[in-house]
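Let's take a walk through this structure together. Have the chain in view, and we'll go from one contact to the next.

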Amino acid sequence: MAIPVFIDCDPGHDDMMAIMLALANPAVHLLGISTVAGNQTGERTCRNAARVLTLVGETGVPLFRGADGPLCRPLVTAGDIHGDSGLDGAALPEPLVPVSPVPGAQGLAETIMGHGEAVTLIPTGPLTNVALALRGWPQLREHIREIVLMGGGVQDSNVTPVAEFNIYVDPEAAAAVLQAGIPLRVVTVDVTNRAIMDYQQIASLASGGPVSRVVAGLMQFFARANHNAFGIPGAPIHDALTVAAVIDPTVITTRSCNVVVETRGEYTRGCTVVDRYGVTGRPPNADVTFDVDRDRFIALMMEALKTLDVRVQDLQTGVEQ
Ligand code: BDR
Ligand code: CA
């Protein structure tokens with residue numbers, strides 16, 4: 001039986017890859033998507049999600065637009081990494097799928113609570129929508145099997161010397177989610193920076209089908225931006241590693257730790273303080289990543305893109321007949 005999942009995201013190149021992996025791999029069943037402001041404004045991240053769904057010909061997954069900014073801070077975006085549109089690097093189709101009139105946090109909560117079995121929630125952006133949903137619908141937690149989120153770092157970071165983007169943007173929301181008492185896997189930037197699609201693999205996509213060709217352009221842009229900013233040799237597909245870990249838990253190695261978020265520090269806003277040696281005596285609240293099976297992860301990603309290529313080719317042939 002496929003694992004029911006719900007993705008809350010801010011597409012974003014790697015968020016797009018998370019959506020694509022979830023749509024293509026039969027081990028998971030994507031129930032819905034909510035978007036949040038993060039990599040770009042709320043308007044752009046939602047539009048990007050709709051464009052991604054349109055690209056792969058997906059019309060059956062509800063899309064909800066969520067928060068336009070963090071719980072109590074001004075929005076910080078990542079145009080330097082994802083471009084002005086939030087998905088620069090290739091021409092994506094104009095969105096043809098509708099956006100639900102139901103607000104993101106409500107859509108997330110009602111979709112999960114309305115499903116017959118407990119759902120895995122996969123947040124790949126700032127945690128604003130998730131925090132709002134847990135606050136507004138307290139019974140939601142009972143319907144969540146686990147949260148598998150991309151965010152934070154043990155030793156690595158990417159937006160300040162000690163903070164990863166998703167946690168930095170809305171640290172209060174992240175703190176609320178970490179304290180919620182829901183089973184939690186935290187996929188950190190320490191390992192996602194190693195979950196790299198290299199230049200050769202990206203180049204190979206350019207000679208693939210209709211989805212792969214678009215993804216090739218987007219990944220080229222994303223790899224270049226990551227090289228310029230961090231010296232990373234390829235495209236770190238941070239967010240899709242969460243979905244891969246739901247499909248195949250062995251793709252990551254985790255350790256049970258206590259994790260808290262710095263919300264007040266003068267220089268340390270959004271730092272995830274991971275007690276990997278148990279020195280604080282605080283009880284573990286998350287399984288935190290320490291390693292990734294990169295080859296297995298990239299193989300899953302490549303396989304997903306091929307599946308979507310075939311799906312879209314079939315749709316196009318059907319339309320022409
Ligand atoms: C995270 O920040 C965003 O830019 C990416 O989409 C990912 O979710 C990586 O730190
Ligand atoms: Ca993201």
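**A guided walk**

Arg73 and Glu172 make a salt bridge, with their closest N and O atoms 2.8 Å apart. (A salt bridge here is a side-chain nitrogen of Lys or Arg within 4 Å of a carboxyl oxygen of Asp or Glu.) This pair links distant parts of the chain, 99 residues apart: Arg73 is in the loop between strand E3 (63-65) and helix H3 (79-82), while Glu172 is in helix H7 (residues 171-178). Those helices (H or I, at least four residues) and strands (E, at least two) are DSSP runs, numbered from the N terminus. Arg73 is partly exposed, with a relative accessible area of 22%, and Glu172 is also partly exposed at 22%. On this scale, buried means under 20% relative accessible area, exposed means over 50%, and partly exposed is in between (1.4 Å probe, protein chains only).

Before going further, a word on what you're looking at: this is a predicted model, where local features need pLDDT of at least 70, side-chain atom pairs count only at pLDDT 80 or more, and totals for chains, interfaces and linings use all residues. Residues are numbered from 1 along each chain as its sequence is written, chains are lettered from A and ligands numbered from 1 in the order in which they are written, and side-chain values use heavy atoms, with hydrogens and water left out.

How many salt bridges does the rule give? The count is nine. One of them joins Asp198 and Arg294, at 3.4 Å from N to O. Asp198 sits in the loop between strand E7 (196-197) and helix H9 (199-205), and Arg294 belongs to helix H12 (residues 294-320), so the pair ties together parts that are 96 residues apart in sequence. Another is formed by Arg296 and Asp248, whose closest N and O atoms are 2.7 Å apart. Here Arg296, in helix H12, is linked to Asp248, in the loop between helix H11 (240-247) and strand E9 (252-261), 48 residues away. Arg296 is partly exposed at 33% relative accessibility, whereas Asp248 is buried at 11%. There's a network too: salt bridges that share partners join Asp198, Arg294 and Asp295.

Asp10 and Asp15 are both buried.

Next stop is Asn129, in helix H5 (residues 128-136). Is Asn129 buried or exposed? At 0% relative accessibility, Asn129 is buried. Leaving aside residues up to four places away in sequence, Asn129 touches several residues, among them Asp8, Ser34 and Gly66; contact means heavy atoms within 4.5 Å.

Finally, the rings. Phe6 and Phe64 form a stacked aromatic pair, 6.4 Å centre to centre with 25° between the planes. (Rings of Phe, Tyr and Trp, its six-membered ring, pair if their centres lie within 6.5 Å; planes under 30 degrees apart count as stacked, over 60 as edge-to-face and the rest as tilted.) Both Phe6 and Phe64 are buried.
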